[in-house]
Amino acid sequence: MKKKYKRIMIAFLIQFIGIAIAFYPLILKRHGEEESKQLMEDFKENVKDTNIPEEKTTTEEHKGEQATSTEALPDTLQDDDIIGVIGIIKIEAIGIEYPIIEGCDDYALNRGIGHLPETAAIGTMGNCVLCGHNGSRRGTFFTPLNTVSIGDMVEIMDKSGEIHKYKIVNTRIVGPTDNSIKDTDDTEKLTLFTCANRGSERFVCDCLPVK
């Protein structure tokens with residue numbers, strides 16, 4: 001009887017482990033997507049708070065002088081606000097919206113789209129380069145990037161709440177060590193890239209601002 005009970009427990013345990021293994025990727029992806037969504041919500045809330053105008057009052061005792069009823073707020077969010085989030089990227093054509101996080105380490109790429117620190121800041125002159133995972137278990141990220149079409153729009157919200165719009169003007173495949181994706185000049189440009197062909201190459205989108 002004890003041997004039979006033991007066999008039943010072992011069979012149950014094996015079945016439970018099999019189910020857990022099967023559902024683990026789904027749980028991991030759901031958790032990752034929720035974390036990305038929360039980062040965006042927190043970022044948007046801080047952008048909204050940052051852009052609340054200062055309330056000013058006057059008094060009879062100090063004519064001509066104005067005093068603020070609230071402390072002065074910074075013009076823009078700092079880099080370390082919302083754990084490194086510096087913007088939000090949205091590409092409606094492929095149904096993605098993610099926080100942009102400074103850096104391209106595991107922390108950034110497991111939660112959103114990374115910004116190469118050595119490239120131009122969002123909405124400034126030069127080449128702003130963003131990278132994202134393809135096939136990650138933690139989220140969609142740039143997995144469908146290779147399905148975009150020339151002319152598709154990319155929208156980016158910066159830390160001041162301004163929306164920068166870009167149009168995809170070219171797509172290309174480059175080698176994994178091709179640094180031409182970071183080439184820059186005195187014009188504004190946006191470059192998006194992700195892994196292609198199991199990481200042996202990169203899929204790149206060249207985008208230009210729409211004013």
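This note covers the barrel, an aromatic pair and the nonpolar cores of a predicted model.

1. Basis. Residues count from 1 along each chain as its sequence is written. In this predicted model, local features need pLDDT of at least 70 and side-chain atom pairs pLDDT 80 or more, while totals for chains, interfaces and linings use all residues; side-chain values use heavy atoms, without hydrogens and water.

2. Barrel. Eight strands close into a barrel, ordered S3-S4-S5-S6-S9-S10-S8-S7. Pairing is mixed. Strands are DSSP runs of E, at least two residues, numbered from the N terminus; two of them pair if DSSP finds at least two bridges between them. Neighbours in the sheet are turned by 30° on average, direction ignored, with axes fitted to C-alpha atoms.

3. S5 and S6. Strand S5 (residues 113–115) runs antiparallel to S6 (residues 126–131), joined by two bridges. His 115 stands opposite Leu 130 in S6.

4. Aromatic pair. Tyr 98 and Phe 141 are tilted, at 4.9 Å centre to centre and 40° between planes. Tyr 98 sits in S4 and Phe 141 in the loop between S6 and S7, so the pair ties together parts 43 residues apart in sequence. Both Tyr 98 and Phe 141 are buried (under 20% relative accessible area, 1.4 Å probe, protein chains only).

5. Cores. A nonpolar core joins buried Ala, Val, Leu, Ile, Met, Phe, Trp, Tyr and Cys residues through side-chain atoms within 4.5 Å. The largest has 25 residues; Ile 89, Val 154 and Leu 192 have the most contacts inside it. A second, separate core of nine residues includes Leu 39 and Met 157.

Notes:
Helices (H or I, at least four residues) and strands (E, at least two) are DSSP runs, numbered from the N terminus. Axes are lines fitted to C-alpha atoms, for helices over the stretch in contact, and angles run from 0 to 180 degrees between N-to-C directions. Rings of Phe, Tyr and Trp (its six-membered ring) pair if their centres lie within 6.5 Å; planes under 30 degrees apart count as stacked, over 60 as edge-to-face and the rest as tilted. Buried means under 20% relative accessible area, exposed over 50%, partly exposed in between (1.4 Å probe, protein chains only).
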